[in-house]
Amino acid sequence: MAAIRAWDLGVVVRLFRQHTGLSQAAVARLVNIDQAEVSRLERGRKKIRDRRQLAQWSEALGVPDGLLGPLPDVDRPSSMADSLGNHLTLPDGHGQLLLPAGRNLPPTALPTLTGPVASLQGDALLLASSGEAEAWSRMLLRALLAVHHSGDGTERYFVTDVRGGVRDEAGRPFAIPMAYEFDDFTLGILWAAAGFDSAILGDDAALYGELDLPSQDLSGVGRQSVTLDGLTDGSQMLVGSRACARFILDQRDQLAGDPVFWTREQRGEEAATWLLFEHKHRYLELMAPARAHDGVGRAFCVPHQEVAASPMYERVLLFLAIALMESYGITTWVTDETDLQQTEGFALVPGHRAAIATWVRAESAPQTALTSGARSLRAFAGITGHARAHSVTMGSTSGERLAATSDYLGLERAWLTHRCGQLAAVGTTGLARPRSRHLSLDALDRACAYVAAELRSEAGDPVGATR
C-alpha cells in the first residue's frame, strides 16, 4: 500500500509478480517494454518519474484508482527526512532505525537503544551506564546507542556504534561525541556502511573464493569478465570495482604516463565505494600523481536531474568522494551533459593508450579492455576535454572546486565545513565501525579532514578555526 501511494514502481511490480505468479517477461509484455527493463526497475536501477509512464504502468497492472496517491512532483528532491516526517527521530528505549533501499543496496534495519542525556562532558554527551547498555555494547551485529537532547526548542539525537562507545575515566557512562549528531551527514555514512556491510557479509564465503584468486593476466585487448552470478548487488559492486581497479593497475606500464579518468558515478551510493571499499583507497594511493594537480584529472557526469532526484545524504557522499580525489592531487571536473552519461569508464593517456574499465551501471559483468585505436583515443580526449572546459565546478584551486561542487549539489558550505571538521577531529569509526574485512573508513576520514581544511581556507578562516 505504501509503495503504491509513493509510486515506488520497483516494489509495486515485485509484489504484483509475487501475487500473480507472472514472470518478468510477462509483465514486460503488459507494458510493452523489454524484460531487462523490468529487472532494472525491480532492482532499483531504473526509476520512472514521467507522469504519463506512471499512469501507463498503473493501468497495465490494474492498480485501483483509490489506492493511488498523487503523482510525484518530479522536480522535488526526495530525502530520508521526508519519510520521517521532516524530522530525524528515534524512539526511546528499544527501537529500530530503518534505512531505505538504494538502487543496489538492500534496506537495512539497525537495532537502536535510545535514552536521555545523563550529562555533558566537553564535546560529548553521556548515556548513563546500565546492564542493558552493557549488554548492547557486546552485540556483534551492527546496532546503535543513541541519546536525545533538547536545545533551542528542538530535539537533537546523537548516535554511536555499540562497539564504538567510549567510557569516562570512572568507567561509568557511554560517551557519544557531539560530532555524531544524527543528521543527513551521519545518516549518509550509516546508510552506506550498513548497506554495504549487510550485502558483503551475506556473501562472505563466495567472496573469499572470488576476491582471493591470484591476479589474472589482463593485458590482452579482448574484454574480460568476472563471474557475478548469485551475489548481492552490493557484492557485485565490490567485485566489479576491484576487477576494474586491478586491470588499470596492471596496465600502468602499458599506459606509460599519468592518465586522465572518466568515471560513471552519479549518485552517493556509487560514489560511496571510494569512501568505504578498502581496495579503492589503496588504488587511489597507488595512482596518485607525483605532482598534485599537474594535469591529472577525473571527470564525473552528474546531470541536473540526478542531483534533483538524490536525497541530501547521498549528495553528501558524492561530495566527499570528489573531495577524496582532490586530496590525492587529482583535479576533478563535473559535467552536466546528459548525452555523456552512458560513456564507458576509462583511463586515458592522450595520443597513446586508454584502459577501458566499466563496472558502474554495467548491464552484467564489469568490462575491461586496452586500446590504442586512433578513433577511440580522439573520442575519449574529446569527452574529457569537454568536461574540463565546461565543468560546472570549475575553479583554479581545490578549495574553489569543492566550494563550486557543494553549490552544484545544493549543500550548504558552512554546514559541510563544520560537520567535516567535527568528524575529522574524532574520526568516524565510533559512528559506523565496519564489520566486513573489505570495508574501511580511512578514506572517509581523510576526505572529512581535507574538506574542513580546504573550505575553511576558501572562506578565509584559519585552518585550525572552529565554528
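Entry 1. Before I look at two helices, I note that an axis here is a line fitted to C-alpha atoms, for helices over the stretch in contact. I also keep in mind that the model is a predicted one. Two packed helices are described by the angle between their axes and the distance between the axes.

I looked up helix α8, residues 184–201, and helix α12, residues 268–276. Their axes are 10 Å apart, and the helices pack at an angle of about 80°. Angles of 65 to 115 degrees count as roughly perpendicular, so α8 is roughly perpendicular to α12.

Next I listed the residues in this contact. From α8 I found W191, A192, A193 and F196. On the α12 side they meet E269, A272, T273 and L276. Sorted by class, the contact of α8 with α12 has six nonpolar residues, one polar and one charged.

Entry 2. I stayed with α12 and asked how many of its residues are buried. The count is nine of nine, and the helix is mostly covered. I wrote down the buried residues of α12: G268, E269, E270, A271, A272, T273, W274, L275 and L276.

Entry 3. I then turned to the contact of α12 with helix α13, residues 278–287. The two axes cross at roughly 70° and come within 6 Å. That makes α12 roughly perpendicular to α13. On the α12 side I found T273, W274 and L276, and on the α13 side E278, K280, Y283 and L284. By class, the contact of α12 with α13 has four nonpolar, one polar and two charged residues.

Entry 4. Which residues touch the most other members of the largest nonpolar core? I found F185, F196, L275, F319 and L320, out of 99 residues in that core. Helix α15, residues 312–327, gives the largest share of the core, 11 residues.

I followed L275 further. Leaving out residues up to four places away in sequence, L275 touches L317, L320, A321, L324, S440, A443, L444 and A447. I also noted a second, separate core of 15 residues, with I356, L377, F380 and A387 among them. As background, nonpolar side chains tend to be buried together in soluble globular proteins.

Entry 5. I checked the chain as a whole. The chain has 20 helices and 14 strands. Of its 467 residues, 52% are buried. I looked at contacts in the chain with a separation of 6 or more, and 74% of them are between residues 24 or more positions apart. The chain exposes about 20200 Å², and carbon and sulfur atoms supply 50% of that area.

Entry 6. Is L98 buried or exposed? The cut-off for exposed is over 50% relative accessible area. L98 has a relative accessible area of 55%, so L98 is exposed. I placed L98 in strand β1, residues 93–99. I also checked L98 against T108, which is 10 residues away in sequence, and the C-alpha to C-alpha separation is 6.0 Å.

Entry 7. Last, I looked at helix α17, residues 398–408. Nine of its 11 residues are buried, so α17 is largely enclosed by the rest of the structure. The buried residues in α17 are S398, G399, R401, L402, A403, A404, T405, S406 and Y408. After α17 comes G410, and its phi is positive, near 70°.

Methods. Residues are numbered from 1 along each chain as its sequence is written. Side-chain values use heavy atoms; hydrogens and water are left out. Axes are lines fitted to C-alpha atoms, for helices over the stretch in contact, and angles run from 0 to 180 degrees between N-to-C directions. Helices (H or I, at least four residues) and strands (E, at least two) are DSSP runs, numbered from the N terminus. Angles under 35 degrees count as roughly parallel, over 145 as roughly antiparallel, 65 to 115 as roughly perpendicular and the rest as oblique. Contact means heavy atoms within 4.5 Å. Ala, Val, Leu, Ile, Met, Phe, Trp, Tyr, Cys and Pro count as nonpolar, Asp, Glu, Lys and Arg as charged, and the others, Gly among them, as polar. Buried means under 20% relative accessible area, exposed over 50%, partly exposed in between (1.4 Å probe, protein chains only). A nonpolar core is a set of buried Ala, Val, Leu, Ile, Met, Phe, Trp, Tyr and Cys residues joined through side-chain atoms within 4.5 Å. Accessible areas come from the Shrake-Rupley method with a 1.4 Å probe; for residues, only the protein chains shown count as cover.
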